[in-house]
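Trainee: Please take one part of this model and walk me through it closely, then tie it to the rest. I'd like the cut-offs spelled out as you go.

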Amino acid sequence: MLKEALQILKDNNYKVTKQRIDLIDYLSKYVDSYVQISVVDAYMRSLYPGISHNTVYRNVKEFSDIGLVEYQEKNKTMIKFQCDFEQPHHHHFICSNCGKVIELKECPMDFFTKQLPGCQVETHAIEIYGLCPDCVKAQSKKAKPL
């Protein structure tokens, strides 16, 4: 994935710097879950004490613009590494408890556009929230009396 991400940077005329490589490497740990952007910022500032918040946030925004990361803003700004460079348009189920992300393979937009005659949909993002199987199982174990 790192190799693909670096190629996407080059293809979009971004310099491949040590800071960007370290940022991509860190973000690549978050393919199956989201991480708060403030956590990413703190990590990068621990590696590079002189780096500004603006630099980290700008790079994350640029990564989003070229499809390297995905944003989610339910309670706090969260990001995750793109899980499928071949299919950047996709949707997610997000566990409200542990943050695990499950990619949805189909897009339901036809269902919605049929209900919007005359409208021109410009973009969309579909996120479904709930509990993943592991959290459902853990929750049911807690609920059972001893």
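**Helix α1 and its surroundings**

Mentor: Let's start with the packing: α1 and α2 cross in a right-handed way, where right-handed means that the near helix is turned clockwise from the far one by less than a right angle, and left-handed means anticlockwise. Before going on, keep in mind that this is a predicted model, where local features need pLDDT of at least 70 and side-chain atom pairs count only at pLDDT 80 or more, while totals for chains, interfaces and linings use all residues. Residues are numbered from 1 along each chain as its sequence is written, and side-chain values use heavy atoms, with hydrogens and water left out.

Back to that crossing. The two axes come within 10 Å and cross at roughly 135 degrees; axes here are lines fitted to C-alpha atoms, for helices over the stretch in contact, with angles from 0 to 180 degrees between N-to-C directions. That makes α1 oblique to α2, given that under 35 degrees counts as roughly parallel, over 145 as roughly antiparallel, 65 to 115 as roughly perpendicular, and the rest as oblique.

Now α1 itself, residues 2–11: its buried residues are A5, L6, I8 and L9. They sit on the same side of α1 because they cover an arc of only 155 degrees around the axis, the arc being that of the directions from the helix axis to the C-beta atoms. Buried means under 20% relative accessible area, exposed over 50%, and partly exposed in between, with a 1.4 Å probe and protein chains only. After the helix comes N13, with a positive phi near 60 degrees.

T55, V56, N59, V60, E62 and F63 are its buried residues, and they fall within an arc of 160 degrees seen down the axis, so they line one face of α4. N54 and D65 are exposed on the face turned away from that buried side. Just after α4, G67 takes a positive phi of about 85 degrees.

The whole structure holds 3 aromatic pairs, a pair being Phe, Tyr or Trp rings (six-membered for Trp) with centres within 6.5 Å, stacked under 30 degrees between planes, edge-to-face over 60 and tilted for the rest. One of the pairs is Y26 with Y43, stacked at 3.9 Å centre to centre and 10 degrees between the planes. Y26 lies in α2 (residues 18–27) and Y43 in α3 (residues 37–47), so the pair ties together parts 17 residues apart in sequence. Y26 is buried at 10% relative accessible area, and Y43 is partly exposed at 27%.

Zooming out, the protein has 6 helices and 6 strands, where helices are DSSP runs of H or I with at least four residues, strands are E runs of at least two, and numbering goes from the N terminus. The order is α-α-β-α-α-β-β-β-β-α-β-α from the N terminus on. Of the 146 residues, 34% are buried.
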